[in-house]
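Subject: Structure handover

Dear colleague,

Here is the structure we spoke of, with my notes below it. Please look through it before reading on.

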Amino acid sequence: MSYKGRFRVWRGDAAGGALADYTVEVNDGEVVLDVLHRLQATQAPDLAVRWNCKAGKCGSCSAEINGRPRLLCMTRMSVFAPTDVVTVTPMRTFPVLRDLVTDVSFNYAKAREVPSFTPPADLAPGEYRMAQVDVERSQEFRKCIECFLCQDTCHVVRDHDENKEAFAGPRFLMRIAELEMHPLDVADRVPAAQDEHGLGRCNITKCCTEVCPEGIKITDNALIPMKERVADRRYDPLVWLGRTISRRRD
Amino acid sequence: MTAPARHPAWRGVDAPGRAAVGVRTLRTDRWWLAPVATALGLLVFVVYATARAFEQAYFFADERYLTPFYSPCVSLGCASAPGSSHFGMFLPDNPLIPYAALSLPFLLGFRLTCYYYRKAYYRSFWLAPAACAVPEPHPRQTGETRFPLVMQNVHRYFFYVAVLVSLVNTYDALVAFRHPDDGFVVGVGNLVLLANVVLLWCYTASCHSCRHVMGGRLTHFSKHPVRYWFWTRISALNTRHMLFAWITLASLILTDLYVTLVARGTIVDLRLIG
Amino acid sequence: MTEIERHDYDVLVIGAGGAGLRAAIEARERGLRTAIVCKSLFGKAHTVMAEGGCAAAMGNVNEHDSWQVHFRDTMRGGKFLNNWRMAELHAKEAPDRVWELETYGALFDRTADGRISQRHFGGHTYPRLAHVGDRTGLELLRTMQQRIVALQQADHAATGDYEARLRVFAECTVTELLTDPAGAGGHAPIAGAFGYWRESGRHVLFSAPAVVLATGGIGKSFQVTSNSWEYTGDGHALALRAGASLVDMEFVQFHPTGMVWPPSVKGILVTEGVRGDGGVLRNSDGDRFMFGYVPDVFKGQYAQTEDEADRWYDDQENNRRTPDLLPRDEVARAINTEVKEGRGSPHGGVYLDIASRMPAEEIKRRLPSMYHQFKELADVDITAEPMEVGPTCHYVMGGIEVDPDTGQSRVPGLFAAGECAGGMHGSNRLGGNSLSDLLVFGRRAGLGAADYVTGLERRPAIREADVETAAAMTLAPFEAHPAAAGENPYTLHADLQRVMNDLVGIIRTEAEMVAALDRLAELRARVHDVVVEGHRQYNPGWHLALDLRNMLMVSEAVASSALLRTESRGGHTREDHPGLDPQWRHRVLVTHCVDASEAGAGAVVPRTAVEAAERVPMRADLLALFDLPELEKYYTAPELAGHPGRGSRQGGTP
């Protein structure tokens with residue numbers, strides 16, 4: 001089955017742009033990215049769109065479809081009616097480069113601010129022993145394909161450029177959680193999560209979890225457990241009491 | 001062209017450098033439905049619960065059913081319903097002091113600081129954000145870094161108290177099986193109270209703080225098999241925390257309504273046993 | 001001429017997949033200033049697509065495993081065409097490379113005693129693949145990406161600059177390598193590389209005495225492929241034009257199980273792990289047809305009944321494995337035959353069934369991303385119905401001819417590692433050997449480059465004339481072509497893919513190769529007239545026009561090599577020469593660029609030529625690892641004269 005689909009695609013660059021209307025052939029079993037490729041091959045050869053694996057594994061083709069952050073390659077055309085107009089824009093949290101391509105360097109800068117895995121000093125390569133149940137929580141976070149849709153949808157930076165300095169975003173707060181829960185990481189990451197990476201700015205409205213194409217439970221399994229670990233240190237009366245007593249004993 | 005007053009230009013998705021789309025959200029689905037429904041649901045509960053907490057009547061039925069809104073009944077006013085107070089009466093009887101003034105503030109605090117309810121009211125009342133990728137109206141966002149929202153971090157305190165209150169509710173539900181004259185009896189009201197208590201435990205146990213203190217804070221599950229087992233069970237419950245949050249709002253209202261109606265004599269409690 | 005952005009580095013790594021990152025880590029750790037250039041964003045490389053695992057004889061699951069067993073499996077899989085020294089280094093060093101990743105923070109799945117778990121895979125005698133569910137490639141790439149960030153953080157702590165000694169140039173394409181003809185005798189050594197920023201279209205020049213090519217494969221020249229757009233054979237073509245040679249280009253691996261439906265995802269991979277974990281292939285009659293396709297050389301190593309095959313999953317000591325796990329070339333050909341003979345599925349594949357073999361929850365736990373992939377892309381629930389699969393172009397065994405120990409090509413200062421390097425896998429790569437390949441040889445290439453730079457007396461210089469030629473070449477597609485109407489790059493690309501798919505696919509004949517070479521010659525002429533619209537800023541049509549040059553050169557190398565090799569072996573099947581020919585085992589087909597001496601000046605797509613050469617005979621101690629009867633299936637009698645088995649049998653014969 002094939003039909004003429006109506007598309008509105010944002011064309012332009014940092015200086016300005018607008019939604020352009022196109023009518024493109026759509027075939028059975030296609031995803032939005034297929035249609036954009038047909039658009040490139042037939043009507044708009046210079047339409048800029050970032051993509052790579054086309055199988056939802058590399059996280060390159062992030063954009064917004066009908067206002068929702070999505071991967072272009074994982075959005076099947078069958079979710080739309082043939083009469084629907086499909087609107088495609090670049091991610092709206094990052095500076096636009098051209099058409100559907102944005103400057104995501106914010107994310108790479110944030111990645112560098114998270115201290116790396118700190119292995120125990122006394123273990124040689126090959127001596128690492130970890131139980132499966134102990135690595136599973138971090139493994140969930142390592143499924144992340146770095147599409148940055150969570151960073152795009154998070155209102156802390158989407159609606160507030162001024163927060164970009166102080167807030168690492170869900171992706172990198174999750175990275176901190178990943179290292180914090182790593183069974184062999186020896187660094188203490190809890191105070192910095194709150195003080196340097198802006199964990200407190202997160203108000204757990206779960207949009208990151210909603211858009212994650214890997215289905216990672218970012219809020220429930222990474223952000224809230226990190227907030228709880230901060231609470232352990234700073235806000236829990238029993239833990240505080242326990243620590244004071246044990247300190248006195250020492 | 002002038003920008004709408006509530007959305008000064010050059011902010012958020014209109015900030016310089018970002019794609020000039022011109023429309024602040026392109027979402028075509030009914031994204032406003034969820035926050036509106038949430039707001040209405042929460043309002044209904046707040047209005048009902050406030051009215052009932054201050055009514056100071058019809059809280060004890062058949063000499064054994066105590067509504068959770070009055071538990072534990074520790075006001076001197078509880079004397080009006082003999083047998084309703086299981087833990088002594090010492091708070092002054094004042095129209096501004098609910099009979100369960102000992103537990104209600106903590107239950108309110110527990111729900112207010114609950115990770116699910118926070119999401120619900122940040123979205124539906126504060127509109128930050130009303131829905132994903134829909135711009136929020138506020139000029140600044142500091143999240144939970146400052147007073148008063150930094151206080152959300154005390155959720156843990158409220159959880160500990162909520163466990164105590166749940167124990168009291170459980171006690172209430174159990175002693176309700178004993179009628180002062182007829183001995184052991186089972187009425188429909190017992191089932192209502194019991195079901196409500198089970199659901200309250202589900203909500204309390206599925207709390208994120210509970211998940212953390214029971215095992216989530218450990219780095220090496222393999223060294224703590226019992227706590228790991230608890231953590232896996234609580235994690236499974238935790239995925240339904242939102243569901244229990246809403247179910248318990250409904251079950252609290254229904255339980256209270258049942259006790260009230262029996263106390264008023266509007267309906268008669270059906271005895272199944274005894 | 002507009003001003004060109006210039007950078008100076010000691011080592012320039014082209015490609016940011018597993019091999020490139022591992023090479024860069026090594027070069028930087030040796031203290032050299034290192035740059036990584038990649039066409040995509042950092043962390044998006046094709047390595048993320050690798051699913052099944054990374055082969056390393058750690059012996060965690062079966063203690064009988066050793067480097068010798070891994071070496072033998074690799075050589076058998078490649079039908080004894082592998083560069084034996086590479087296979088030896090690979091088998092010996094892979095465990096260290098995997099363990100090293102743990103010190104960078106990798107989290108592999110674990111055994112009950114806390115070590116790295118290992119899984120079964122086609123062609124491997126023992127469970128050998130370190131894995132993380134079915135996203136092992138992502139784990140490897142992310143781990144090395146994070147290692148690079150760690151090194152940058154160390155540089156930041158020391159110098160205040162994250163990029164002081166290690167910098168990533170993302171979304172930047174290299175179009176030409178530059179050599180210094182005034183360098184030492186023999187080949188002109190590498191002096192640098194020329195390219196452009198994809199974002200702005202502006203030119204950029206790297207001056208570097210050592211370049212490591214780690215650009216991956218060539219799959220985008222084929223219509224049905226599991227490869228991403230980046231796989232345009234850039235490294236292969238850059239090396240050719242710089243004067244290096246390619247080997248074994250006729251060997252292209254078609255993975256037996258790619259998705260065949262819907263059309264938009266045709267070719268996307270279904271991991272071999274599905275079969276390793278119990279999935280079986282069936283034709284439209286419901287038969288497990290692989291039992292009928294066990295070739296003579298593997299007779300006795302695979303189960304002959306379904307019962308034995310099924311028992312093998314639980315008891316590998318006493319049963320032989322299922323023929324569903326034969327090497328990839330065998331399975332791909334079998335599927336091809338089944339479909340051709342009318343026993344295929346509705347969309348032209350066969351069925352891969354795991355739904356009837358284990359509970360739904362088990363499938364979701366073991367193969368989460370496969371479940372996800374079929375659910376999202378094809379709307380198929382693999383826990384309830386079988387998948388439809390068919391062969392897809394997956395990997396090129398051929399590549400740049402390198403020194404096994406250092407990764408250096410014929411061109412001094414030019415190194416290669418990973419898929420774009422040739423020799424390691426012979427005529428057919430075993431699943432799981434590519435992730436270990438890129439770790440072992442990525443490191444060796446980084447090390448080789450570091451040693452080379454350290455030992456240099458004089459830094460080779462770039463000639464400005466070469467820079468101007470390279471710049472003009474990139475801008476040619478913008479010039480109007482008064483003579484012709486102008487060719488659309490997308491149309492040209494589609495035509496190229498059709499030629500390669502139809503004529504140079506799984507089954508080949510002499511007539512088809514000749515026809516393919518004719519068609520490629522026509523395409524080469526048309527590339528001259530390619531015209532792109534718009535401007536240089538992030539213009540995908542222009543990018544494709546430039547990549548087409550590389551795809552055409554590599555396609556010609558594949559077709560010419562396939563024409564010459566008159567036998568069938570591994571990833572090269574000739575219908576007109578169906579058998580293995582021992583006379584071809586000891587010969588290697590070497591591709592080089594005909595007009596490389598002039599750096600391809602004037603020619604958009606320089607011609608290539610292929611010649612046969614002799615392979616280096618295997619070292620005696622390695623040859624002795626195999627039994628004589630097995631070797632006799634592959635080797636000519638004179639080649640085996642020195643084998644200890646022969647010696648004992650023939651006793652006193654002089």
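Predicted model: local features only at pLDDT ≥ 70, side-chain atom pairs only at ≥ 80, totals over all residues.

Chain contacts

Two pairs of chains touch, and the pair with the most contacts is A and B. Chains B and C do not touch, and the nearest C-alpha atoms of these two chains are 10 Å apart.

In the contact between A and B, 44 residues of chain B meet 49 residues of chain A. On the chain B side, four helices each supply at least two residues: α3 (115–124), α4 (155–175), α6 (208–216) and α7 (225–238). The greatest contribution to this side comes from α3(B), with five residues. By residue type, the side of chain B that touches chain A has 17 nonpolar, 17 polar and ten charged residues.

In the contact between A and C, 46 residues of chain A meet 51 residues of chain C. The elements of chain A that each supply at least two residues to this side are α1 (32–42), β6 (96–98), α2 (105–113) and α3 (132–141). Helix α3(A) gives the most, with four residues. The side of chain A that touches chain C divides into 21 nonpolar, 13 polar and twelve charged residues.

Domains of chain A

Chain A is split into domain 1, residues 2–102, and domain 2, residues 105–238. The centres of these two domains of chain A, taken over C-alpha atoms, are separated by 30 Å. Twelve residues from domain 1 of chain A and 13 residues from domain 2 of chain A take part in the contact between them. On the domain 1 side of that contact in chain A, six residues are nonpolar, four polar and two charged.

A helix pair in chain B

Helix α5 of chain B (residues 188–205) packs against helix α8 of chain B (residues 241–264), at an angle of about 155° and with the axes 9 Å apart. The angle makes α5(B) roughly antiparallel to α8(B), because angles over 145 degrees count as such. The crossing of α5(B) and α8(B) is left-handed.

Residues of α5(B) in this contact include B:G189, B:V192, B:L193, B:A195 and B:N196. Further along α5(B), the residues in the contact include B:L199, B:L200, B:C202 and B:Y203. From α8(B), the residues they meet include B:F244, B:A245, B:I247, B:T248 and B:S251, as well as B:L252, B:T255, B:Y258, B:V259 and B:V262. The contact of α5(B) with α8(B) has 14 nonpolar and five polar residues, and no charged ones.

A four-stranded sheet in chain C

Chain C holds an open sheet of four strands with antiparallel pairing, in the order β17-β12-β21-β22. Its edge strands are β17 (399–400) and β22 (608–614) of chain C, each of which pairs on one side only. Helix α15 of chain C (residues 540–564) packs on this sheet and touches β12, β21 (587–593) and β22 of chain C. The direction of α15(C) makes about 45° with that of β22(C).

Going across the sheet, strand β12 of chain C (residues 246–247) and β17(C) are paired antiparallel over two bridges. Within this pair, C:L246 stands opposite C:I400 in β17(C). Two bridges also join β12(C) to β21(C), again antiparallel. Here the bridge partner of C:L246 is C:T591 in β21(C). The pairing of β21(C) with β22(C) is antiparallel and has seven bridges. One residue pair there is C:V590 with its bridge partner C:E611 in β22(C).

A three-stranded sheet in chain C

An open sheet of three strands in chain C has the order β4-β6-β5, with antiparallel pairing. The edges are β4 (54–55) and β5 (118–119) of chain C; each has a single partner strand, so one side of each has no neighbour in the sheet. Strand β6 of chain C (residues 129–130) pairs with β5(C) in the antiparallel sense over two bridges. The bridge partner of C:Q118 in β6(C) is C:A130.

Regards

Notes. Residues numbered from 1 in each chain as written. Chains lettered and ligands numbered in written order. Contact = placed C-beta atoms within 7 Å. Nonpolar A, V, L, I, M, F, W, Y, C, P; charged D, E, K, R; others polar. Pairing = 2+ DSSP bridges. Axes fitted to C-alpha atoms, helices over the stretch in contact; angles between N-to-C directions. Parallel < 35°, antiparallel > 145°, perpendicular 65-115°, else oblique. Left-handed = near helix turned anticlockwise from the far one by under 90°. Domains from an automatic or database assignment.
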